[in-house]
Amino acid sequence: MTEWAEPLRFDPLPMLLASQHKAIHYFTRRDLLLEHPGPLDTLWALPVVQGILKKQQQDGFWRYPGRNRQIYTEINYDLLETFRQLGILIEKYGLDLRHPAVEKAAGYLFACQTEEGDIRGILGTQYMPYYHGMILELLIKAGYGDDPRVQRGLRWLLSMRQHDGGWIVPMQAVPAKEKTREMWSAPPVPPERSRPFSHLATGMALRPFAVHPDYRQLEAVTLAAHRLKSRFFQSDKYNDRKAREYWTKFQYPFWWTNLLTSLDTLSLLGFGPGDEEVQQALQWFVENQQPDRLWLTSYEQSKRAEPSAKEHETMLWVGLAVCRVFARFGTSPPQ
């Protein structure tokens, strides 16, 4: 067992290396064993990648398949689907700006950027700092970190912080009874800066800063990271994904804020395993590792006897992400 995995109940590497998913096998060797598994672009030719690329539209986006696009015409569902598909390509298969599909997708995303600097549309005309942050993260990982449009987007995100240093989604603060259909095409609701931060929004908004070397050490980013970890295992202040259980519901590629996305962010921002909240979060993964060497992705899944093939693949990706976190922190959580 490698040194960083010693705190875990079981060595997860054999399970990851035995995976039939070539990308999981590739990244396990590269990121956890520090081997050279070959050129990254060998993954770009995989059938699953080609299947996604065939569905990309000429203007660079992916078309949302659901019916909601006809019902809620104010919402740019294609922007949501483009975020989802681009996340798969970049996070699971390592595509970057060298691939023409990424270049086309980036062009579409930048076309959704407003004069203020934010990427907008998934919430209609309303501000969406959480999705904006996650989209910027993908663009930075794809190689657009120095692009002026990304820089403008990062500056906008910093300008949207609450007085306590975190973020909210301004529409979260609007009572449900006051939300009307017309609001999704109205001028954006500004944030009430005195309200407490949302850890859902803050965890997602921090993502681009964590992956950009020029922004990781900003005092504002460090403060927001402290705010995020202070909420571990607590309910959010707002209704979206409010329950404490959401801290331990995992997805990959990362999407909503949870314990794993937060640890990943904190490890990139330079926090160490000696930090009390980090220790507690790492210990949760130690205590909840399953006998099959992986981690359940949700409480609902744990009620079934066996995960489906798709769920098992997600468990492998989540397991890889957990291992990356432990490898990055490098030392044991308290026992």
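Is Arg231 buried or exposed? Select Arg231 to start: this residue is buried, and its relative accessible area is 5%. Keep in mind throughout that the model is predicted.

**First stop: Arg231 and its partner**

The side chains of Arg231 and Asp236 form a salt bridge, with 3.7 Å from N to O. Asp236 is buried too, at 3% relative accessibility. Side chains of opposite charge can pair when their charged atoms come close.

**Second stop: other salt bridges**

How many salt bridges does the structure hold? There are 18. One of them joins the side chains of Arg324 and Asp31, at 2.8 Å from N to O. Show helix 15 (residues 309-329) and helix 2 (residues 22-32) together: Arg324 lies in helix 15 and Asp31 in helix 2, so this pair ties together parts that are 293 residues apart in sequence. Arg324 is buried, with 15% relative accessible area, whereas Asp31 is partly exposed at 22%.

Next, select Arg120 and Glu116. Their side chains meet in a salt bridge of 3.2 Å, N to O. Here Arg120 is buried, at 14% relative accessibility, while Glu116 is partly exposed, with a relative accessible area of 42%.

Select residues 259-268, which make up helix 12. Nine of the ten residues in this helix are buried, so the helix is mostly covered.

Then look at the two ends of helix 12. At its start, a side-chain oxygen of Asn258 comes to within 2.9 Å of the backbone nitrogen of Leu260. Just after the helix, Gly270 has a positive phi of about 95°.

Move to Lys229, a residue of helix 11. Lys229 is buried, at 6% relative accessibility. Which residues does Lys229 touch, leaving out those up to four places away in sequence? They are Leu266, Phe271, Asp275 and Glu277.

Select Cys112 and Cys323. Cys112 is buried, with a relative accessible area of 13%, and Cys323 is buried as well, at 0%. A disulfide is a covalent bond between the sulfur atoms of two cysteines. The structure holds zero disulfides.

**Last stop: confidence**

Colour the chain by pLDDT. The mean for the protein chain is 94, and 96% of its residues reach 70 or more. Then select residues 331-335, where the pLDDT is below 50. Beyond near neighbours in sequence, this stretch has twelve contacts in the model. Where pLDDT is low, the predicted coordinates should not be read in detail.

Terms used
Residues are numbered from 1 along each chain as its sequence is written. This is a predicted model: local features need pLDDT of at least 70, side-chain atom pairs count only at pLDDT 80 or more; totals for chains, interfaces and linings use all residues. Side-chain values use heavy atoms; hydrogens and water are left out. A salt bridge is a side-chain nitrogen of Lys or Arg within 4 Å of a carboxyl oxygen of Asp or Glu. Helices (H or I, at least four residues) and strands (E, at least two) are DSSP runs, numbered from the N terminus. Buried means under 20% relative accessible area, exposed over 50%, partly exposed in between (1.4 Å probe, protein chains only). A polar contact is a pair of N or O atoms within 3.5 Å; within protein, one must be able to donate a hydrogen and the other to accept it, and residues adjacent in sequence count only if both atoms are side-chain atoms. pLDDT is the predictor's confidence in each residue, from 0 to 100. Contact means heavy atoms within 4.5 Å. A disulfide is a pair of cysteine sulfur atoms within 2.5 Å.
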